[in-house]
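The sequence and the model are shown first, and the main points follow by topic.

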Amino acid sequence: MNYAIIDIGGTQQRVSPGDMIRVNRLGGENAGEGQSLEIERVLMVKTDTSLKVGSPLVAGAKVKATIMGDFKGKKVLIFKKKRTKQYRRTNGHRQLYTTLRIDAIQAG
């Protein structure tokens with residue numbers, strides 16, 4: 001079983017070929033739906049025969065992915081209140097995410 005641990009969008013994720021992952025929204029000119037993406041921040045690669053751990057990155061390792069699209073997460077409500085002062089504020093936030101399909105892992 002091949003898998004890798006990557007650093008993308010400020011988080012670390014364990015990925016295998018064929019996985020669909022959700023990361024914080026990716027911006028830039030090559031972040032359109034259907035575009036391919038190479039992730040070079042690979043922290044660890046496990047193949048059938050070997051295990052490579054980087055310090056901090058594995059040299060020459062890459063993960064190829066395809067951008068499937070963007071979407072919004074669930075709404076998180078923020079509510080502030082001060083008792084006896086008639087102060088109430090309600091605010092909401094919906095995080096933007098990008099869905100990626102992992103195509104291949106190159107061990108380097």
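Lys-62 and Glu-38 form a salt bridge through their side chains, at 3.5 Å from N to O; the term denotes a side-chain nitrogen of Lys or Arg within 4 Å of a carboxyl oxygen of Asp or Glu. Lys-62 belongs to strand S7 (residues 62-82) and Glu-38 to strand S4 (residues 36-39), so this pair ties together parts that lie 24 residues apart in sequence. Strands (E, at least two residues) are DSSP runs, numbered from the N terminus.

The model is predicted: local features need pLDDT of at least 70, side-chain atom pairs count only at pLDDT 80 or more, and totals for chains, interfaces and linings use all residues. Residues are numbered from 1 along each chain as its sequence is written, and side-chain values use heavy atoms, with hydrogens and water left out.

**Salt bridges**

- The whole structure contains 5 salt bridges.
- Side chains of opposite charge can pair when their charged atoms come close.
- A salt bridge also joins the side chains of Lys-64 and Glu-38, at 3.9 Å from N to O.
- Lys-64 lies in strand S7 and Glu-38 in strand S4, so this pair connects parts 26 residues apart in sequence.
- Glu-38 is partly exposed, with a relative accessible area of 41%; buried means under 20%, exposed over 50%, and partly exposed in between (1.4 Å probe, protein chains only).
- Lys-62 is partly exposed at 26%, and Lys-64 is partly exposed at 32%.
- Arg-101 and Asp-103 form a salt bridge at 3.2 Å from N to O.
- Arg-101 is partly exposed at 31% relative accessibility, and Asp-103 is partly exposed at 35%.

**The open sheet with S4 and S7**

- Strands of a sheet pair through backbone hydrogen bonds, either parallel or antiparallel.
- An open sheet of 4 strands has the order S3-S8-S7-S4, with antiparallel pairing; two strands pair if DSSP finds at least two bridges between them.
- S3 and S4 are the edge strands, each pairing on one side only.
- From one strand to the next, the twist averages 45°; axes are lines fitted to C-alpha atoms, and angles run from 0 to 180 degrees between N-to-C directions.
- S4 and S7 run antiparallel and are joined by 4 bridges.
- Glu-38 has Lys-64 as its bridge partner in S7.

**Strand S1 and its partners**

- Strand S1 (residues 3-8) and strand S5 (residues 42-46) run antiparallel, joined by 4 bridges.
- Within this pairing, Ala-4 stands opposite Val-45 in S5.
- S1 also pairs with strand S2 (residues 11-15) in the antiparallel sense, over 5 bridges.
- Ile-6 stands opposite Gln-13 in S2.
- S1 and S2 form a hairpin with 2 residues between them, and Gly-9 in the turn has a positive phi of about 65°.

- Ser-16 sits in the loop between S2 and strand S3 (20-24).
- Ser-16 is buried, with a relative accessible area of 10%.
- The Ser-16 side chain reaches the backbone oxygen of Asn-2 at 3.3 Å.
- Beyond its neighbours within four places in sequence, Ser-16 is in contact with Met-1, Asn-2, Tyr-3, Ile-102 and Ile-105; contact means heavy atoms within 4.5 Å.

Definitions and conventions
Polar contact = N/O pair within 3.5 Å; in protein donor to acceptor, adjacent residues only side chain to side chain.
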